[in-house]
Amino acid sequence: MIHFERYILKNGLTLLFHKDTTTPLAVVNTLFDVGARDESEEKTGFAHLFEHLMFGGSVNIPDFDAPLQMAGGESNAFTSNDITNYYDVLPKTNIETALWLESDRMLSLAFTDKSLEVQRNVVIEEFKQRYLNQPYGDVWLELRPLAYTKHPYKWATIGKEIKHIEEAKMEDVKAFFKKHYCPANAILCIAGNFEFEEIKALVEKWYGDIPAGIKPARILDAEPIQEEYREKTIERAVPTDAFYYAFKMPERRNELYYIADLLSDALGRDKSARLYVSLKKEQQLTAEIGAYITGSMDDGLLIISGKLNEGVSFEQLDSALWKELESFKQAEISEAELKRMMNKLRTSREFEEQGLLNRAMNLCHFELLGDANGINEEHQIYEAIQPSHIQETAMHILKKTNCSLLKVKAISNDK
Amino acid sequence: MINRTLTPELNEIDQIDFIKPSIFDISSSVKLYSMCEVPNQTSRLDLYFNAGTILGDIGTASFVNSLLLSGTNTKTSIEINNEMDSLGAFFESSVSNENALVSIYALKENMLAVLSILKDAIENVAFLEHEVIELVNDRKQKFRIGMEKVSYLAQRSFQQKLFNHPIYGRIAEESDFENVSISTLKRFHKDNYLHGLTKVVLIGAFSTDEIDEVIDMTGNWAMDALPTFDEKCQNEPSKTHVNKEQAVQTAIRVGRMLFNKKDPDFIDFQILNTILGDYFGSRLMTNIREDKGYTYGIGTMVAELTEMGYFLVATEVGSDKKDATLHEIQFEFNRLQTELVSEDELQLVKNYMLGQLLKSADGPYAMMDLFLHVEPFNIGLEYYNQCIESINKITPERIKELAIKYLNWDKMTIVTAG
């Protein structure tokens with residue numbers, strides 16, 4: 001059980017507090033309800049570029065990191081297609097430094113031209129390092145627009161192309177801040193050995209006078225129900241053929257989301273999963289194979305991906321994979337198989353909840369879903385899942401008309 | 001309205017509690033280290049073996065490590081994995097130069113049952129031909145993928161030139177995978193696992209009886225006498241470029257052989273290392289990322305082996321920024337050798353390092369890892385109190401002195417790939 005308290009400031013900022021008496025550290029986690037899905041198609045990669053700019057100084061404080069380091073702390077952030085999350089970890093005795101810094105950048109940024117210019121370059125290098133200069137690095141840049149035709153999940157968090165980042169202008173940056181970085185669009189979680197009243201007072205002191213702003217309405221293009229099988233082959237200078245089967249699955253708040261999560265575990269979480277045992281160990285078709293879900297807020301993807309063994313064709317893999325998926329749909333999984341997955345889930349959860357930062361991040365995440373207490377209720381949803389539910393969901397999700405396949409065909413690098 | 005331009009008052013970290021694990025004898029030389037103060041159901045078991053990559057033919061140590069759960073004469077690898085997964089356990093294994101490590105993450109209630117499956121699997125591994133062939137194929141594929149990465153290409157060449165030694169500096173080629181023989185694997189396994197256990201680490205709220213069971217189950221693998229490592233390496237100061245067509249980034253490695261925690265300069269050098277490249281506000285990050293935007297990240301580190309250590313700068317930069325980046329790295333070395341670090345910057349690094357130390361001591365898992373960072377050098381946890389003392393009293397003059405002593409550009413091994 002993860003205990004927490006909630007307090008909502010007049011300007012709409014949600015504060016969550018989690019008490020842990022065993023640690024000398026404090027965590028300040030701030031989730032902004034904005035991600036790459038909130039970008040326009042002509043200016044992608046912006047939510048993430050903006051995350052970088054949040055470290056370039058705020059309205060009253062020229063440098064974000066140095067004062068936090070001076071307080072013995074450190075900070076980082078990440079952006080996804082759904083959210084942008086910032087966190088600070090520091091000695092609890094210096095918590096006020098983190099609140100001072102975080103509240104000032106929620107109030108307003110410095111918006112210097114130098115910061116924009118440099119971070120544009122840094123993000124372009126990040127684009128190259130992670131997506132262009134790695135074998136298979138650009139797979140998600142190709143797979144997203146294949147699987148999504150309308151919804152903004154069709155572009156990656158890093159952006160559709162480097163050009164969009166190169167073209168980012170200061171006026172865009174300011175407009176983005178004004179629209180998305182207001183207290184009503186944020187969830188703040190503070191974790192550590194404090195009293196709730198003490199935290200409330202500190203948060204009122206530093207955040208209370210930030211103007212409220214209006215939580216932006218989110219109206220996104222809905223993804224139409226997929227009704228046809230899609231397939232695309234790209235040729236790349238990689239050593240081995242690779243495959244990515246992407247099946248549409250329900251959104252995060254849907255009960256079926258949890259069933260689809262277990263379905264992906266049954267297919268390909270570990271070395272006792274169906275596809276690993278059948279396609280790798282028994283039939284020797286793949287060198288790697290696994291299954292997982294993207295975990296996104298709106299309609300997500302269940303991915304089955306892997307790499308072919310030498311001498312194996314995409315066609316051989318395809319027919320063996322569909323045969324395996326069909327037989328999975330024919331019969332319920334055994335109680336023992338379900339229990340195995342539940343035991344794995346339980347171990348993962350216990351380890352995850354060990355970390356103070358994880359607890360703070362997850363509380364914010366569940367609050368965004370509707371109620372931070374979801375963190376304590378999620379396991380009950382999983383435990384209620386029966387083999388028949390997984391079979392029904394498999395029949396619904398694992399069909400050709402719900403599938404987009406990306407094949408990466410290996411070609412020689414020689415000119 | 002509050003005045004937001006004023007920094008809140010800071011409190012200094014004056015004391016950190018370092019908690020020592022309990023020590024049990026497995027044999028006269030092999031110990032079990034246990035940390036029982038775990039407030040939840042999680043647990044971790046680490047088994048250390050004298051089965052690192054410096055032993056045996058090239059590739060052998062790594063192959064045996066990867067085949068530990070590959071099946072016995074009575075159980076297939078699928079069955080073993082299924083049994084472990086059914087207990088909700090996570091298994092990890094890895095090899096470094098001087099060690100092999102097997103770790104289990106599980107709920108405490110399942111740990112002993114998992115260990116008994118693991119014990120049978122490791123003790124009776126049969127090195128079945130089809131499992132070995134499968135691994136050889138997987139390895140070849142991974143190797144070819146690695147060779148497409150500039151970071152991997154740079155790392156390989158760097159390892160050769162850094163260690164500059166027939167064993168420590170050797171690197172595998174694809175053809176090495178062809179020559180794996182099952183009898184060699186079996187012999188290595190028998191010599192270095194079944195008689196190669198050097199250390200056991202247990203974290204979790206276990207009773208003394210449960211700890212005794214772990215000792216009973218692992219005891220027959222214990223080494224009679226712990227291994228010693230005598231080799232000392234000297235890097236070859238040189239500049240090498242590994243060509244990779246069409247790469248949009250170049251990987252850079254700059255480094256030299258240095259020392260480990262046994263050296264009296266080690267702690268102070270860590271402070272210098274932090275200033276130069278080991279935190280977000282470091283000289284290199286500030287210059288090469290935050291001022292010039294040449295890279296997504298650049299960092300430095302000191303890596304340690306039992307009797308030696310090395311210093312390393314690593315980054316990946318835009319292909320047209322290779323020479324400019326090397327120039328800036330050299331510039332930052334020189335600046336530390338010729339200018340005194342300002343009191344402000346030094347104070348920031350001191351506070352940051354103390355904060356990081358506080359974080360590294362937070363909770364039983366972190367505390368055990370701190371202990372494991374000193375134990376191989378026969379140093380106790382008092383080392384960390386020395387760290388606090390050294391951080392508090394270091395001066396700009398001392399930083400400059402160490403930069404002059406160790407950051408000599410002509411002593412560096414430089415590798416670029418792209």
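V28(A) has D88(A) as its bridge partner in strand β5 of chain A. The structure is a predicted model, in which local features need pLDDT of at least 70, side-chain atom pairs count only at pLDDT 80 or more, and totals for chains, interfaces and linings use all residues. Residues are numbered from 1 along each chain as its sequence is written, while chains are lettered from A and ligands numbered from 1 in the order in which they are written.

Strand β3 (residues 25-32) of chain A pairs with β5(A) in the antiparallel sense, over eight bridges. Two strands pair if DSSP finds at least two bridges between them. Strands are DSSP runs of E with at least two residues, and helices are runs of H or I with at least four, numbered from the N terminus. Strand β4 (residues 74-79) of chain A also runs antiparallel to β5(A), joined by six bridges. Here N76(A) has Y87(A) as its partner. A hairpin of four residues connects β4(A) to β5(A). Strand β5 (residues 84-91) of chain A is mostly covered, with eight of its eight residues buried (20 or more other C-beta atoms within 10 Å of the residue's own, C-beta atoms being placed from the backbone).

In chain B, the axes of helix α2 (residues 77-86) and helix α3 (residues 108-123) come within 9 Å and cross at roughly 165°. Axes are lines fitted to C-alpha atoms over the stretch in contact, and angles run from 0 to 180 degrees between N-to-C directions. The two helices α2(B) and α3(B) are therefore roughly antiparallel (angles over 145 degrees).

Key:
Parallel < 35°, antiparallel > 145°, perpendicular 65-115°, else oblique. Buried ≥ 20, exposed ≤ 12 C-beta atoms within 10 Å, placed from the backbone.
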